[in-house]
Every structure is written in C-alpha cells, then in structure tokens.
Amino acid sequence: MLKVELHSHTADDPHDRIQYSTTQLIDRAAELGYDALAVTLHDRQLDLQPFEAHARARGITLIPGIERTIRGKHVLLLNFKRGTEDVHSFEDLARLRQRDPGGLVIAPHAFFPHPACLRDLLEEHSGLFDAVEYNAMFTASLNFNRAAIRWARRHGKPVVGNGDVHRLRQLGTCFSRVDAEPTADAICAAIRAGKVEFEARPLSWFEACSLMTELLFSAFLRALEPHRGSPEYSTR
C-alpha cells in the first residue's frame with residue numbers, strides 16, 4: 001500500500017501565500033515515508049518535469065494536478081494530460097473526463113462551511129466525481145468530513161485522505177493508502193476502483209486554532225500584495 005498525498009500547495013501557487021518550495025515539499029514528504037504526491041495549485045497546473053528527477057531520487061512519484069475553481073467551487077483534477085486550466089464549468093469537466101479517462105476528479109473539503117466548497121453541487125454533479133476527500137482540518141469534536149462519509153456511502157464512491165497542505169507541518173496527519181504500483185496512472189486507476197483507504201488523526205484545538213489563525217493572517221497579507229501576473233507584480 002502506497003502512502004499518498006493528493007492535495008498540496010507550494011510557493012508556486014498563484015493565489016496562496018506559501019513559504020516553502022515544491023522541492024522542500026518533496027523532501028518533507030520523503031522524510032515522512034510518502035510514496036506519491038500530487039501538487040495541486042489553485043487554478044494553475046504546475047509543470048512537474050523540472051522536479052521529477054529530484055522526486056524520483058527520493059522515492060516519490062509525482063502526480064500532476066490542479067485545484068480548479070468551477071462556478072466558484074474547488075475541484076481537484078489529477079493526472080489529466082492537458083486542458084485543466086480551460087475547465088470553467090461542469091460541462092467542461094464532463095468533456096475533459098470523456099477526452100482523458102485516465103484522470104481523477106476529487107471533491108475536496110466538500111461539506112465545509114466555506115463558499116468555495118461544493119456542498120449541494122456535489123449531489124447535483126455526483127457522476128462527475130470519482131472520490132470525495134476526508135480533509136485534515138478536523139478535531140475530535142468538530143468534523144465536517146462526516147457528511148463526506150455519508151455521501152460516499154450513498155453513491156458508492158471511495159474516500160481519500162488529504163492534508164490540503166499549506167504548511168509543511170500538515171503533512172502526515174491525514175493521507176491515503178493506495179493499493180497500486182507507484183505510477184500516477186496506476187494510483188489514479190486504483191482509487192477509481194476503490195483500492196484506497198485513509199488514515200486521519202484529529203487535530204487538537206490548539207493545533208486547529210493556531211493553524212487557522214496563521215492561514216487567515218497569511219490570506220490577509222496576500223490580499224495586500226499586488227496581483228500576481230499584473231504589471232506591477234514581480235517575484236524575487
């Protein structure tokens with residue numbers, strides 16, 4: 001069983017303010033015994049080719065991915081060869097799936113109380129999703145993932161454990177175990193076939209509150225920055 005993270009962000013993300021690089025994420029995943037890692041930036045599919053040799057040397061299989069915004073909601077698109085950044089509607093998503101059946105569509109943090117979460121739209125478009133995410137942001141007494149478990153049971157879909165990693169310390173608290181060969185195609189096929197389990201440790205209230213405070217403050221600082229891609233914005 002491969003230890004897999006399917007939802008992570010790095011400093012290459014065009015929307016989030018993240019301090020660690022893709023290389024640092026790979027190194028930390030290797031330290032924690034991961035076998036595969038998907039980098040899922042918001043609305044940008046990262047070119048993984050420059051990182052593949054580094055990851056391979058550390059025993060990590062890289063899975064191409066993106067956290068795409070569709071009708072204002074977040075959707076994880078994994079292992080699609082091209083076209084993910086052109087998906088703007090659920091009709092576009094249906095065409096992408098038909099064109100590239102080796103891809104995997106996951107509903108991230110689907111029932112969390114945030115405007116970017118799918119909630120009722122997941123039910124409306126259930127046929128477009130291969131799996132639902134069990135997200136690492138939960139405590140023993142507050143867990144919005146329970147609705148995802150119920151949805152998965154109703155629809156006969158697998159549940160994957162994801163860290164939704166924005167800080168390196170999030171790695172390892174929630175992840176998937178996949179019964180597959182260590183290739184992106186094999187991992188995604190195994191998940192579609194239900195050959196996946198998840199492991200999750202609830203956060204303490206101190207962990208959850210400190211992490212949320214840090215992420216919210218980071219989002220505030222990000223909002224003060226010039227927009228990436230605008231003429232006045234430059235990276236250093």
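Let me start with Glu5, whose bridge partner in β2 is Leu37. The two strands here, β1 and β2, pair in the parallel sense over two bridges. Keep in mind throughout that this is a predicted model.

On its other pairing, β1 meets β8 in the antiparallel sense, over three bridges. There Val4 has Ser176 of β8 as its bridge partner. As for the side chains of β1, Leu2 and Val4 point one way, Lys3 and Glu5 the other way, and all of them are buried.

Now the whole sheet. What is the strand order? It runs β7-β6-β5-β4-β3-β2-β1-β8-β9, an open sheet of nine strands with mixed pairing. Which strands stand at the edges? They are β7, residues 159-162, and β9, residues 196-200; each has a single partner strand, so one side of each is left without a neighbour in the sheet. On average, and ignoring direction, neighbouring strands are turned by 30° against each other.

At the β7 end, the pairing with β6, residues 131-135, is parallel and covers four bridges. Within it, Tyr134 is bridged to Gly161 of β7.

Next, the helices on the sheet. Helix α6, residues 184-192, packs on the sheet and touches β1, β2, β3, β5, β6, β7, β8 and β9. The direction of α6 makes about 60° with that of β3. Helix α3, residues 90-99, lies across β3, β4 and β5. Relative to β4, α3 runs at about 10°.

Then there is α5, residues 145-155. Which of its residues are buried? Asn145, Ala147, Ala148, Ile149, Trp151 and Ala152. What do they pack against? Their contacts are with α4, which spans 120-124, and with β6, β7 and β9. Both edge strands, β7 and β9, are therefore among the partners of this helix. Just after α5 comes Gly156, with a positive phi of about 65°.

Two residues other than glycine also take a positive phi. One is Arg71, at about 50°, in the loop between β3 and β4. Is Arg71 buried or exposed? It counts as exposed, because its relative accessibility is 53% and the cut-off for exposed is over 50%. The other is His109, with phi near 35°, in the loop between β5 and α4. His109 is buried, with a relative accessible area of 9%, and the limit for buried is under 20%.

Last, the largest pocket. How much space lies in it? About 980 Å³. Its lining has 34 residues, and the closest to its centre are His114, Asp164, His166, Met212 and Leu215. Which element gives the most to that lining? Helix α7, residues 205-224, with nine residues.

Definitions and conventions: Residues are numbered from 1 along each chain as its sequence is written. This is a predicted model: local features need pLDDT of at least 70, side-chain atom pairs count only at pLDDT 80 or more; totals for chains, interfaces and linings use all residues. Side-chain values use heavy atoms; hydrogens and water are left out. On a 1 Å grid over the protein atoms alone, a cavity is a set of points where a 1.4 Å probe fits but cannot get out, and a pocket is an open set with protein on both sides within 12 Å along at least five of seven lines; lining residues have an atom within 4 Å of a point. Grid points are joined across faces, edges and corners, and a volume is the space filled by probe spheres set on the points. Two strands pair if DSSP finds at least two bridges between them. Axes are lines fitted to C-alpha atoms, for helices over the stretch in contact, and angles run from 0 to 180 degrees between N-to-C directions. Contact means heavy atoms within 4.5 Å. Buried means under 20% relative accessible area, exposed over 50%, partly exposed in between (1.4 Å probe, protein chains only).
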